[in-house]
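Here is a set of worked exercises to go through with the model open beside you. Try each task by yourself before you read its solution.

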Amino acid sequence: MKNASLADTLQVLADDSELTTFSRTLCRISRRALFEGRIHIEDLEDLAAATDGSDLSKEVRELRLLWKNDLLDATLTAALALTENARPSDASTVSETGPSRIAALGHDVLAHADQILIGSPIGLALIELARIEAKHLVELGEGEPLPSDDRSGPISDLLTTFTIQIP
Amino acid sequence: MSIKVSGLVAAWIEGLQPHRVAAAFEGLTDLEDVSRRYLHDTEGTEFEGLGWHSLTLTRDGPFVDLEFHYKDILFTTDCRRERVIVILHQRVSLTVLTAWRTDPSTLLGSTAITLPPMTLSDSSSEKGVTSLILTVENRDIA
């Protein structure tokens, strides 16, 4: 799936009035993060309001729409393109830019939509990271470095979940 | 001839009780050149206690490569290129992947094993399967 087609697909899903607010809001957050480099606080508020569990069975059924392999693979490719571009050519240090961090969240919110839906540690950490980025965009303006300790809590929570625990 | 295995595998084996460490290293050095050994279950073998499943040993000159499952994660060593390929049957958060890239020690979490230095050299993900390529130095075990 090409980037233009991915942006269209996410827009169509975000506009589909048949879908729950949860699914539509997630697609909107993902599209804006990937293609506009922004996360809006209002979108996160909509999402929080949508995860009250009142429409849970429909939301769970809709996960199959968000989890189409070609859709998720395309969001990953789009997000990685920004990450790769952001990496210095000598690769001696990995410097993360705002757009690459936000694009990564654009992939993560869809790929882990089930965790956001149930409010698991993964879901809560991703939403907290999105909130930090959204706040940063409003308060600090683009290009200014993010205080690094802001993200350390939720990232540490995420790492705990994904880390491979060998004996 | 000295036998080389991935530093990660050597470190993992060294986490065993001493008499088992010796037996497991012997199992690796005893393998004839250009041969394979399949162990469908670690029970009753010298590798018991490592938690590995479906273990395959392959010797090619001084290199002994291992392929095994740990839980549902597939590990494959490529000693010739000093690499370990890790296949996860899940989508990994890109935020987490970036953190792993910055500090690869967080990939394997807290463990009793003294992990060798490693870098996450590459990763790819398709259809919900994530492959990680780690660069890990070899170890001479005999």
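**Before you start**

This is a predicted model, in which local features need pLDDT of at least 70, side-chain atom pairs count only at pLDDT 80 or more, and totals for chains, interfaces and linings use all residues. Residues are numbered from 1 along each chain as its sequence is written, while chains are lettered from A and ligands numbered from 1 in the order in which they are written.

**Exercise 1. Find out where the model can be read in detail.**

Step 1: take the overall scores, which are ipTM 0.88 and pTM 0.89.

Step 2: compare the chains by pLDDT (the predictor's confidence in each residue, from 0 to 100). Chain B has a mean of 93, with 100% of its residues at 70 or more. Chain A averages 88, and 89% of the residues score at least 70.

Step 3: look inside chain A. Elements here are DSSP runs numbered from the N terminus: helices (H or I, at least four residues) and strands (E, at least two). Among the elements of chain A, the lowest mean pLDDT, 86, belongs to helix H5 (residues 69–86), and the highest, 97, to H2(A).

Step 4: Over residues 89–95 of chain A pLDDT stays under 50, and the model has six contacts beyond four places in sequence for them. Contact means that the C-beta atoms of two residues, placed from the backbone, lie within 7 Å. Where pLDDT is low, the predicted coordinates should not be read in detail.

**Exercise 2. Describe how H1(A) and H2(A) pack.**

Step 1: get the geometry. The axes of H1 (residues 3–15) and H2 (residues 21–35) of chain A come within 8 Å and cross at roughly 150°. Axes are lines fitted to C-alpha atoms, for helices over the stretch in contact, and angles run from 0 to 180 degrees between N-to-C directions.

Step 2: classify the angle. Under 35 degrees counts as roughly parallel, over 145 as roughly antiparallel, 65 to 115 as roughly perpendicular and the rest as oblique. H1(A) and H2(A) are therefore roughly antiparallel.

Step 3: list the residues. H1(A) brings Ala7(A), Leu10(A), Gln11(A), Leu13(A) and Ala14(A), and H2(A) brings residues including Cys27(A), Arg31(A) and Phe35(A).

Step 4: sort them by class. Ala, Val, Leu, Ile, Met, Phe, Trp, Tyr, Cys and Pro count as nonpolar, Asp, Glu, Lys and Arg as charged, and the others, Gly among them, as polar. This contact has six nonpolar, three polar and three charged residues.

**Exercise 3. Follow H6(A) to its partners in both chains.**

Step 1: stay in chain A. H6(A) packs with H8 (residues 121–139) at about 145°, their axes 10 Å apart. Leu105(A) and Asp108(A) are among the H6(A) residues that meet H8(A). By class the contact has six nonpolar, no polar and three charged residues.

Step 2: cross to chain B. H6 (residues 98–111) of chain A and H3 (residues 94–102) of chain B pack at about 130°, with axes 7 Å apart. That makes H6(A) oblique to H3(B). Ala104(A), Leu105(A), His107(A) and Asp108(A) face Leu94(B), Thr95(B) and Thr98(B) in this contact.

Step 3: widen to the whole interface. Chain B gives 26 residues and chain A gives 24. On the chain B side, H3(B) supplies the largest share, seven residues. That side has 11 nonpolar, 11 polar and four charged residues.
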